[in-house]
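Hi,

Here is the model I promised to pass on.

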Amino acid sequence: LEKPLSDSELPLVTVQIPTRNELVAIRCAEHCLAFDYPKDKYEILIGDDSDNPVFSGRIAAFAAENSAMVKVLKRQSNSGYKAGNLNNMLPHSKGEFLVLFDSDFIPQPDFLRRIIAPMVHDKGIAGVQARWTFFNAEQNMVSVLGATIGASVHHVALPFSNKRRRLSILCGSAEAVRKDLLGKMGGWQHGSLTEDIEYTLRLLKNGYKIQYLPSLECASEVPFKPRDLYRQQMRWAYGVIAAVKDHFKGL
């Protein structure tokens, strides 16, 4: 599935970076600009839900400096949270495939070629998930805990389920999905706290496959403040429970 793609096989891709009051979105976009991928075959959309005009100004200035590749879509509110932001970008996305990053992710130059390869080779694959790593895992005790939680998912649970049961999930970042199928399925669930899990369950209910790529890693920043880690884990917990309640009968 990770068979390299020739330049002639490369499809048009839209990279989406949803953000809210996070200047690290610029760092993420800078790394996306360095992809080893033809510049005329991908675009970068930054969905800016910031309510801080200073942050929005910095992001807009960055996009203006890189206007050939980067476009900002600014909303007046964060209605629907991240899912609403992603849905807002969907009709403006030209790519056959969508590659999503949270603001604090740092993809490597070969990431784009590798993340879409499984879907190009196998039309039955609806989404691809890369493995997360954490570049600040040893920053303090909070980051150690957060990285341990993340590693248990990406180094234990997902590889096991993918190998033994051919079952995987989308994790919300460093992932790729088919744009036409996402639209056909009604987009992301507006207001979902874990739109990735909710969409995963919809795909599985309808017989689609998701491929996990443990050899394709993408570095990210884990929360290093107690309150931030707590809020992240509670959001994930509530979101997953809500998604399972919505789809349990059909699984």
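Below is what I found, starting with how to read the notes.

This is a predicted model, so to speak of a local feature I needed pLDDT of at least 70, and side-chain atom pairs count only at pLDDT 80 or more, while totals for chains, interfaces and linings use all residues. Residues are numbered from 1 along each chain as its sequence is written, and side-chain values use heavy atoms, with hydrogens and water left out.

**The cores**

The largest nonpolar core has 47 residues, and Val15, Val99, Phe101, Phe111 and Ile115 are the ones that touch the most other members. Helix H4 (residues 111–121) gives the most to this core, with seven residues. A nonpolar core here is a set of buried Ala, Val, Leu, Ile, Met, Phe, Trp, Tyr and Cys residues joined through side-chain atoms within 4.5 Å. Buried means under 20% relative accessible area, exposed means over 50%, and partly exposed is in between (1.4 Å probe, protein chains only). Helices (H or I, at least four residues) and strands (E, at least two) are DSSP runs, numbered from the N terminus.

Apart from that core lies another, of 18 residues, including Ala126, Met185, Trp188 and Tyr199. In soluble globular proteins, nonpolar side chains tend to be buried together.

What does Val15 touch? Not counting residues up to four places away in sequence, Val15 touches Cys32, Phe35, Tyr42, Glu43, Ile44, Leu45, Val99, Phe101 and Leu112. Contact means heavy atoms within 4.5 Å.

H7 (195–205) is mostly covered, with nine of its eleven residues buried. Those buried residues are Glu195, Asp196, Ile197, Glu198, Tyr199, Thr200, Leu201, Arg202 and Leu203. They pack against H3, strand E6 (125–134), E7, helix H6 (179–184), strand E8 (209–220) and H8.

Take Asp196, which sits in H7. Is it buried or exposed? Asp196 counts as buried because its relative accessibility is 9%. Leaving aside neighbours within four places in sequence, Asp196 is in contact with Leu170, Cys171, Gly172, Glu175 and Trp188. Asp196 and Ile169 are 27 residues apart in sequence, and their C-alpha atoms are 7.9 Å apart in space.

H7 also packs with helix H8 (residues 226–247), at an angle of about 25° and with the axes 9 Å apart. Axes are lines fitted to C-alpha atoms, for helices over the stretch in contact, and angles run from 0 to 180 degrees between N-to-C directions. H7 and H8 are therefore roughly parallel to each other. Angles under 35 degrees count as roughly parallel, over 145 as roughly antiparallel, 65 to 115 as roughly perpendicular and the rest as oblique.

The contact is made by Ile197, Glu198, Leu201, Arg202 and Lys205 of H7 and by Val240, Ala243, Val244 and His247 of H8. By type, the residues of this contact are five nonpolar, one polar and three charged. (Ala, Val, Leu, Ile, Met, Phe, Trp, Tyr, Cys and Pro count as nonpolar, Asp, Glu, Lys and Arg as charged, and the others, Gly among them, as polar.)

**The H1 and H2 pair**

H1 and helix H2 (residues 53–65) pack at an angle of about 15°, with their axes 11 Å apart, and they are therefore roughly parallel to each other too. Ile26, Ala29, Glu30 and Leu33 of H1 meet Arg58, Ile59 and Phe62 of H2. That contact has five nonpolar residues, no polar ones and two charged ones.

**Helix H3**

In H3 (residues 81–89), the buried residues are Ala83, Gly84, Asn85, Leu86 and Met89. What covers them includes strands E1 (13–19), E2 (42–48), E3 (70–74) and E4 (97–100), and helix H7.

Tyr81 is also found in H3, but this residue counts as partly exposed because its relative accessibility is 47%. Beyond four places in sequence, Tyr81 is in contact with Asp49, Arg75, Gly191 and Leu193.

**Positive phi values**

Most residues other than glycine have a negative phi. Asn21 has a phi near 55°, and it is found in the loop between E1 and helix H1 (24–33). Ala174 also has a positive phi, of about 55°, in the loop between helix H5 (141–165) and strand E7 (175–178). Ala174 is buried, with a relative accessible area of 0%.

Cheers
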